[in-house]
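Please keep the sequence and the structure in view while reading.

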Amino acid sequence: MDRRFPLGLWVVLGGTALLLSLLIQDIYLRSILNLMAISALLATSLRFVMLMGELNFALAAFTGLGAYSAGYLSTALGLPFAFAVLVAGVITALASAVFGAITLRAKGPYFLLIGFAFSEAMRVAYSKIDAVGGTSGMVGIYPPRVFEDWMPFIVVSTVLLLLLAFYLVERSNFGRILFAIRENEDVARSVGIRTYICKVIAISGACFAAGLAGGLHAFVNQVISPGDFSYLLAAFALAYVKIGGEDNFLGPIVGAVLLVALSSYAIGFGGDEHFLYGGAIIIAVLLMPKGVLGLLGKLRLNGAALIGKVSADAY
């Protein structure tokens, strides 16, 4: 394991999350925990594509595709819960591979705008298809009764496994290729790296996780509608990445936990919640350009330097 995120830290953080999923019995708090876990996965998926220098705003569309696929497979075709979620992830991965193969010739703001337009087109499409509930959405997406009390544990366990997979891939040779593409794609291509294929694989893998997140979202909420999957979903995921810290693997997870907790608290302010939530994001981005983890790292370095200076003066 990497020194920046050792095995012990994985065990502590993952064990704490799993323990909370088992101990929390309040229905509202269980829903917040589910939302934190799914949001952390979506933000990590978005950051994974950012490793190669692209911002995937089509994340919202593919999360919706996963949610609607899982819901339809379960309610209309009667597939088992776990199989429906897994197949939804595979469908999303295949669809995103086609999307990436067509659109990844574009770069930067052009790719972002294509993703934005695709998300909005998919949201409108969901509202036009009667088989998935049209504008009213799909209802009655229930997990098996035997799993109802275990849903937070199932959601957190699934998210932890996928986060570990993202971490290992990022530290692998494939992750280094993505970094190389971000730094200079022409140079990476000149040394024989098939950058286009690598980018398609990266977006497909990231969207597989987004599809699973969408499937879990459908079964946790039991109701989904087109409005759940507008471009705002990707915008919030980007906020999680920026607030937590883009340069650290833990950044999107920390950002998701903090902002979902703040959002839940801000609901009590009624119509003013959006001002509080938006204000917190603006202040955090302006004062912490490297995110919360970047600020903590800077404070740790300054503290170590101060201690070293004091020790030197003492001698």
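A residue is called buried if its relative accessible area is under 20%, exposed if it is over 50%, and partly exposed in between, with a 1.4 Å probe and protein chains only. The model is a predicted one, in which local features need pLDDT of at least 70 and side-chain atom pairs count only at pLDDT 80 or more, while totals for chains, interfaces and linings use all residues. Residues are numbered from 1 along each chain as its sequence is written, and side-chain values use heavy atoms, with hydrogens and water left out.

Helices (H or I, at least four residues) and strands (E, at least two) are DSSP runs, numbered from the N terminus. Helix α2 covers residues 27-50 and includes Ser39. With a relative accessibility of 6%, Ser39 counts as buried. Contact here means heavy atoms within 4.5 Å; apart from neighbours within four places in sequence, Ser39 is in contact with Tyr240, Ala256 and Val260.

Phe48 also lies in helix α2, and its relative accessibility of 6% makes it buried. Its ring takes part in an aromatic pair. Rings of Phe, Tyr and Trp (for Trp, the six-membered ring) pair if their centres lie within 6.5 Å; planes under 30 degrees apart count as stacked, over 60 as edge-to-face and the rest as tilted. By this rule there are 13 aromatic pairs. The ring centres of Phe48 and Phe166 are 5.2 Å apart and their planes meet at 55°, so this pair is tilted. Because Phe48 belongs to helix α2 and Phe166 to helix α6, the pair ties together parts that are 118 residues apart in sequence. Phe166 is buried as well, at 7% relative accessibility.

Another tilted pair consists of Phe99 and Phe111, with 6.2 Å centre to centre and 55° between the planes. Phe99 lies in helix α4 (residues 81-103) and Phe111 in helix α5 (residues 108-128), so this pair ties together parts 12 residues apart in sequence. Both Phe99 and Phe111 are buried, and together with Phe62 and Phe118 they form one aromatic cluster.

Helix α7 shows how burial is arranged around a helix. Within α7 (residues 173-183), Gly175, Leu178 and Ile181 are buried. Viewed down the axis of α7, the buried residues fall within an arc of 115° (taken from the directions from the helix axis to the C-beta atoms), so they line one face of the helix. An α-helix has 3.6 residues a turn, so residues three or four places apart point the same way. The buried residues of α7 pack against α2, α6 (151-170), α8 (185-190) and α9 (195-221). On the face turned away from the buried side, α7 carries the exposed residues Asn173 and Glu183.

The cysteines complete the picture. A disulfide is a pair of cysteine sulfur atoms within 2.5 Å, and the structure holds zero disulfides. The sulfur of Cys198 lies 16 Å from the closest cysteine sulfur, in Cys207, which is too far for a bond. Cys198 counts as buried at 11% relative accessibility, and Cys207 is buried with a relative accessible area of 0%.
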